[in-house]
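Please walk through this protein with the structure open beside the text.

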Amino acid sequence: MSEFRLETDRLVLRAWQDSDLLPLLAICRDPRVMEFLGPLQDEDEICAAIGRQRAHQATLGHCYWAIERKLDAEMLGFCGIQPEPEGAPVAGLPDIGWRLGFAHWGKGYAREAAQASLDWGFANLSDEAIWAITVPANARSWGLMERLGMRRHHDLDFDHPNVPDGSPLKRHITYSIARQTS
């Protein structure tokens with residue numbers, strides 16, 4: 001079986017490689033990147049996260065894939081689709097997510113990778129919608145969701161069960177985009 005690879009004009013979304021550990025660790029140790037995502041992560045947590053993504057890819061055929069820039073093969077972060085977490089109002093449904101290193105913000109990479117992921121999802125999954133969650137304060141994230149054509153569901157706001165009570169990251173908002181029918 002060949003490794004997953006999805007190309008855009010400037011990017012490659014691909015299967016995880018062992019060499020992705022250190023770049024992802026640097027991304028997940030940056031307080032600017034993690035401001036709305038939770039505490040800074042250590043090497044063991046990043047190894048476990050990559051392991052979970054590899055397991056999703058092996059069992060589901062999709063995950064949050066590593067993003068590599070075509071120009072220089074630099075690993076920029078991740079983007080893709082995995083099941084929404086337990087405790088979310090749309091648990092188990094396809095969730096699009098992304099995380100890029102701070103140096104790569106504002107260059108359109110997240111939108112390019114997210115659009116490719118949505119297109120892949122609707123071409124390869126039978127679900128009628130793809131979902132996304134974030135905290136209300138993460139305007140960059142929900143702003144991208146809206147630029148992608150996603151719609152907020154105010155009735156699906158929720159307190160994330162994996163976030164400690166009292167945390168400013170406890171409350172989450174929910175977005176989706178429906179499959180386009182011709």
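The model is a predicted one.

The largest nonpolar core has 44 residues. Within this core, the residues with the most contacts are Leu13, Trp16, Leu24, Ile67, Ile96, Trp98 and Met150. Helix α4, residues 109-124, supplies the largest share of the core, with seven residues. Apart from neighbours within four places in sequence, Ile96 is in contact with Tyr64, Gly80, Ile81, Ala114, Ser117, Leu118, Ile130, Trp131, Ala132 and Met150.

Helix α5 spans residues 139-147, and its buried residues are Ser141, Gly143, Leu144 and Met145. Which elements cover them? The cover includes helix α4 together with the strands β5 (94-100), β6 (129-134) and β9 (171-178). After α5 comes Gly149, which has a positive phi, near 95°.

Next, the aromatic rings. The count of aromatic pairs comes to six. One of these is Phe4 with Trp65, a stacked pair with 4.1 Å from centre to centre and 5° between the planes. The pair links distant parts of the chain: Phe4 belongs to the segment before β1 (5-7), while Trp65 is in strand β3 (residues 64-69), and 61 residues separate them. Are these two residues buried or exposed? Both Phe4 and Trp65 are buried. Together with Trp120 they form one aromatic cluster.

Arg69 counts as buried because its relative accessibility is 12%, under the 20% cut-off. What does the side chain of Arg69 make a polar contact with? The partner is the side chain of Glu74, at 2.6 Å. Leaving out neighbours within four places in sequence, the residues in contact with Arg69 are Arg10, Leu11, Glu74, Leu76, His104 and Tyr109.

Now the cysteines. A disulfide is a covalent bond between the sulfur atoms of two cysteines. How many disulfides does the structure hold? The number is zero. Cys28 is in no disulfide, and the nearest cysteine sulfur, that of Cys47, is 12 Å away. For Cys63 the closest cysteine sulfur is in Cys79, and because the separation is 11 Å, it is too far for a bond. Cys28 counts as buried, at 1% relative accessibility. Cys63 is buried as well, with a relative accessible area of 1%.

The last stop is His153, in the loop between β7 (151-152) and β8 (158-159). Not counting residues up to four places away in sequence, His153 touches Trp131, Thr174, Tyr175 and Ser176. By contrast, His56 is 97 residues from His153 along the chain, and the C-alpha atoms of the two are separated by 26 Å.

Technical notes. Residues are numbered from 1 along each chain as its sequence is written. This is a predicted model: local features need pLDDT of at least 70, side-chain atom pairs count only at pLDDT 80 or more; totals for chains, interfaces and linings use all residues. Side-chain values use heavy atoms; hydrogens and water are left out. Rings of Phe, Tyr and Trp (its six-membered ring) pair if their centres lie within 6.5 Å; planes under 30 degrees apart count as stacked, over 60 as edge-to-face and the rest as tilted. Helices (H or I, at least four residues) and strands (E, at least two) are DSSP runs, numbered from the N terminus. Buried means under 20% relative accessible area, exposed over 50%, partly exposed in between (1.4 Å probe, protein chains only). A polar contact is a pair of N or O atoms within 3.5 Å; within protein, one must be able to donate a hydrogen and the other to accept it, and residues adjacent in sequence count only if both atoms are side-chain atoms. Contact means heavy atoms within 4.5 Å. A nonpolar core is a set of buried Ala, Val, Leu, Ile, Met, Phe, Trp, Tyr and Cys residues joined through side-chain atoms within 4.5 Å. A disulfide is a pair of cysteine sulfur atoms within 2.5 Å.
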